[in-house]
Amino acid sequence: MEFVRKIKMLSIAAAGLMLAAGIALILFPGIWARGACRLLGAAAVILGAVRICGYFSRDLYRLAYQFDLAAGILLILAGSFGVLRPDRALAAVPWAAGLLALVDGLFRIQTALEARRFGVPGWWRILLLAGCTAGLGTVLLARPSTSLLVLVRLCGVAVAVGSLQSIYVIYSTVRVIGSRGGRTLRDYQSWDEP
């Protein structure tokens with residue numbers, strides 16, 4: 001179960017990296033060039049790899065990582081394209097970010113509803129963040145502006161909100177039953193333990 005703990009921490013760190021990238025896009029949309037595209041692509045590849053590892057972890061309720069195999073593969077493919085072909089990726093970034101945000105938001109809506117059935121107290125926060133992520137993805141796909149700066153900022157907002165959603169889902173739903181300490185399923189009746 002130590003593997004689950006490590007994956008939980010790596011998942012939060014990788015989502016934090018994506019959050020920092022999203023905030024950078026919001027604050028400095030003018031830096032959007034090949035270097036920024038490569039940086040965002042590398043962060044997506046790292047997050048994708050961690051999400052795939054999370055899928056194979058065995059946390060108690062398996063809520064946080066249940067869709068992460070497909071999501072991890074998509075992130076690695078999109079991130080690799082951004083790293084290897086930044087010139088071509090620049091035009092596709094708003095569309096790709098919108099599609100990834102929409103899909104991730106829809107999957108997390110299902111996670112929120114399943115968390116409600118498990119009795120997770122913060123399920124409605126997961127639902128709220130998932131709805132915001134899916135909504136931002138839809139807005140990006142609709143391309144409300146032809147201004148590159150506006151689209152870059154919207155990408156940053158979508159990436160930041162999606163990252164916050166991931167951090168919250170992982171923190172609030174991943175539970176570990178470890179051999180250390182002799183804990184059993186009955187010890188996890190309360191969701192108050194971090």
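Figure 1. About 50 Å³ of space lies in the largest cavity, where a cavity is, on a 1 Å grid over the protein atoms alone, a set of points where a 1.4 Å probe fits but cannot get out, and where a volume is the space filled by probe spheres set on the points, with grid points joined across faces, edges and corners. The model is predicted, and for that reason local features need pLDDT of at least 70 and side-chain atom pairs count only at pLDDT 80 or more, while totals for chains, interfaces and linings use all residues. Residues are numbered from 1 along each chain as its sequence is written, and side-chain values use heavy atoms, with hydrogens and water left out. A search of the whole structure finds one cavity of 30 Å³ or more. Its lining, made up of residues with an atom within 4 Å of a point, consists of Ser11, Leu47, Arg51, Tyr65, Asp68, Arg108, Ser166 and Ile170. Helix 2 (34-55) and helix 6 are the elements that give two or more residues to this lining; helices here are DSSP runs of H or I with at least four residues, strands are runs of E with at least two, and both are numbered from the N terminus. By residue class, the lining of the largest cavity divides into three nonpolar, two polar and three charged residues, with Ala, Val, Leu, Ile, Met, Phe, Trp, Tyr, Cys and Pro counted as nonpolar, Asp, Glu, Lys and Arg as charged, and the others, Gly among them, as polar.

**Figure 2. Tyr65, a lining residue of the largest cavity.** Tyr65 lies in the loop between helix 2 and helix 3. Tyr65 is buried, with a relative accessible area of 3%; buried means under 20% relative accessible area, exposed over 50%, and partly exposed in between, with a 1.4 Å probe and protein chains only. Although Tyr65 and Val169 are 104 residues apart along the chain, their C-alpha atoms are separated by 9.2 Å.

**Figure 3. The largest pocket.** The largest pocket has a volume of about 570 Å³, a pocket being an open set of grid points with protein on both sides within 12 Å along at least five of seven lines. Of the 33 residues that line the largest pocket, Met18, Ala44, Leu75, Ala97 and Leu100 are the closest to its centre. Two or more lining residues come from each of helix 1 (2-27), helix 2, helix 3 (68-84), helix 4 and helix 6, and the largest share, eleven residues, comes from helix 4. The lining of the largest pocket divides into 24 nonpolar, seven polar and two charged residues.

**Figure 4. Helix 5 and its buried face.** Helix 5 (residues 123-142) has 20 residues and reaches 29 Å from its first C-alpha to its last, close to the 28 Å expected at 1.5 Å a residue, the expected span being 1.5 Å times one less than the number of residues. Its buried residues are Ile126, Ala130, Thr133, Ala134, Leu136, Gly137 and Leu140. Seen down the axis of helix 5, these buried residues fall within an arc of 160°, so they line one face of the helix; the arc is that of the directions from the helix axis to the C-beta atoms. What covers the buried residues of helix 5 includes helix 4 (86-118) and helix 6 (148-173), whereas the face turned away from the buried side carries the exposed residues Leu128 and Ala142. Helix 5 is followed by Arg143, whose phi is positive, near 50°.

Figure 5. Helix 3 has 17 residues and reaches 23 Å from its first C-alpha to its last, close to the 24 Å expected at 1.5 Å a residue. The buried residues of helix 3 are Asp68, Ala71, Gly72, Leu75, Gly79 and Gly82. Seen down the axis of helix 3, they fall within an arc of 95°, so they line one face of the helix, and the face turned away from this buried side carries the exposed residues Leu77 and Leu84.

**Figure 6. Lys8 in helix 1 and Thr111 in helix 4.** Lys8 is buried, with a relative accessible area of 11%, and Lys8 and Tyr171, 163 residues apart in sequence, are 7.7 Å apart in space, C-alpha to C-alpha. Thr111 is buried, with a relative accessible area of 0%. Not counting residues up to four places away in sequence, Thr111 touches Leu63, Gln66, Phe67 and Val169, contact meaning heavy atoms within 4.5 Å.
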